[in-house]
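Subject: The model you asked about

Hi,

Here is the structure, sequence included.

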Amino acid sequence: MLSFVAMSTVNAAVRNARRRVIREHIRQESTQDLKGLLAGMTKDCVCAVNISPRPFKGPKAVADRYLQQWRGFPDFRVRVRKIVAEGARYVVTENEWRGTHRGDFFGFAPTGRKVRIRACVLWEFRGSRLRAE
């Protein structure tokens with residue numbers, strides 16, 4: 001369930017549509033639905049993660065990013081703890097990621113440890129589609 005904090009500068013219809021996109025994206029990420037994830041993103045999509053020195057640009061690179069994540073954490077789950085801010089093209093969320101490090105993850109050998117990480121995510125939208133995460 002998403003919880004929401006004020007700071008919205010967009011109308012309710014746009015805000016609700018973007019929240020639906022985020023919920024669906026989170027569901028797809030947690031169920032390893034790569035086809036669904038990419039279908040909800042623009043053709044010039046970008047995904048930046050702190051563990052990588054460069055952002056992943058374009059559907060092929062973004063797909064590789066998710067595949068690396070799922071190989072490293074086959075039981076990966078993510079949830080949005082709260083929406084922090086919403087603007088004309090952006091939504092900022094506080095997320096929580098969980099999983100067990102069972103495979104190679106961006107060059108790190110598996111440890112078998114359970115991991116829980118909180119992170120701030122900046123979601124960029126182009127219309128109703130996700131451009132960047």
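Phe-106 is found in the loop that runs between S4 and S5, and its phi is near 50 degrees, a positive value in a residue other than glycine. (Strands here are DSSP runs of E, at least two residues, helices are runs of H or I, at least four residues, and both are numbered from the N terminus.) Gln-32 also has a positive phi for a residue other than glycine, near 60 degrees. Gln-32 lies in the loop between helix H1 (12-30) and helix H2 (34-39), and it is partly exposed, with a relative accessible area of 34%. For that label, buried means under 20% relative accessible area, exposed over 50%, and partly exposed in between, using a 1.4 Å probe and protein chains only.

Before going on, the ground rules. This is a predicted model, in which local features need pLDDT of at least 70 and side-chain atom pairs count only at pLDDT 80 or more, while totals for chains, interfaces and linings use all residues. Residues are numbered from 1 along each chain as its sequence is written, and side-chain values use heavy atoms, with hydrogens and water left out.

The sheet

Strands of a sheet pair through backbone hydrogen bonds, either parallel or antiparallel. Here six strands form an open sheet with mixed pairing, in the order S2-S1-S6-S5-S4-S3; two strands count as paired if DSSP finds at least two bridges between them. Strand S2 (56-57) and S3 stand at the edges with a single partner strand each, so one side of each has no neighbour in the sheet. S5 pairs with strand S6 (residues 129-132) in the antiparallel sense, over three bridges. The bridge partner of Phe-125 in S6 is Leu-130.

Rolling a probe the size of a water molecule over the atoms shows where empty space is left. The largest pocket has a volume of about 630 Å³. Of the 26 residues that line it, the closest to its centre are Val-49, Asn-50, Arg-65, Trp-97 and Ala-119. How it is defined: on a 1 Å grid over the protein atoms alone, a cavity is a set of points where a 1.4 Å probe fits but cannot get out, whereas a pocket is an open set with protein on both sides within 12 Å along at least five of seven lines, and lining residues have an atom within 4 Å of a point. Grid points are joined across faces, edges and corners, and the volume is the space filled by probe spheres set on the points.

Which element gives the largest share of the lining? That is S5, with eight residues. Helix H3 (59-72), strand S4 (90-100) and strand S5 (114-126) each supply at least two residues. By class, the lining has 18 nonpolar, four polar and four charged residues. (Ala, Val, Leu, Ile, Met, Phe, Trp, Tyr, Cys and Pro count as nonpolar, Asp, Glu, Lys and Arg as charged, and the others, Gly among them, as polar.)

Salt bridges

A search of the whole structure finds 14 salt bridges, each a side-chain nitrogen of Lys or Arg within 4 Å of a carboxyl oxygen of Asp or Glu. Three examples:

- Glu-24 bridges to Arg-27, with the closest N and O atoms 2.5 Å apart. Being three residues apart in helix H1, the two are separated by about one helical turn.
- Arg-126 bridges to Asp-44, with the closest N and O atoms 2.9 Å apart. This pair links distant parts of the chain, Arg-126 in strand S5 and Asp-44 in strand S1 (residues 41-47), 82 residues apart.
- Arg-81 and Glu-96 meet at 3.8 Å, N to O. Arg-81 is in strand S3 (residues 77-86) and Glu-96 in strand S4, 15 residues apart. Arg-81 is partly exposed at 24%, whereas Glu-96 is buried at 3%. Salt bridges that share partners join Arg-79, Arg-81, Lys-82, Glu-94, Glu-96, Arg-98, Arg-116 and Arg-118 into one network.

Cysteines

With a disulfide taken as a pair of cysteine sulfur atoms within 2.5 Å, the count comes to zero. For Cys-47, the nearest cysteine sulfur is that of Cys-45, 8.3 Å away, and Cys-47 is buried at 0% relative accessibility. Cys-120 has its nearest cysteine sulfur, that of Cys-47, 14 Å away, and Cys-120 is exposed at 62%.

Cheers
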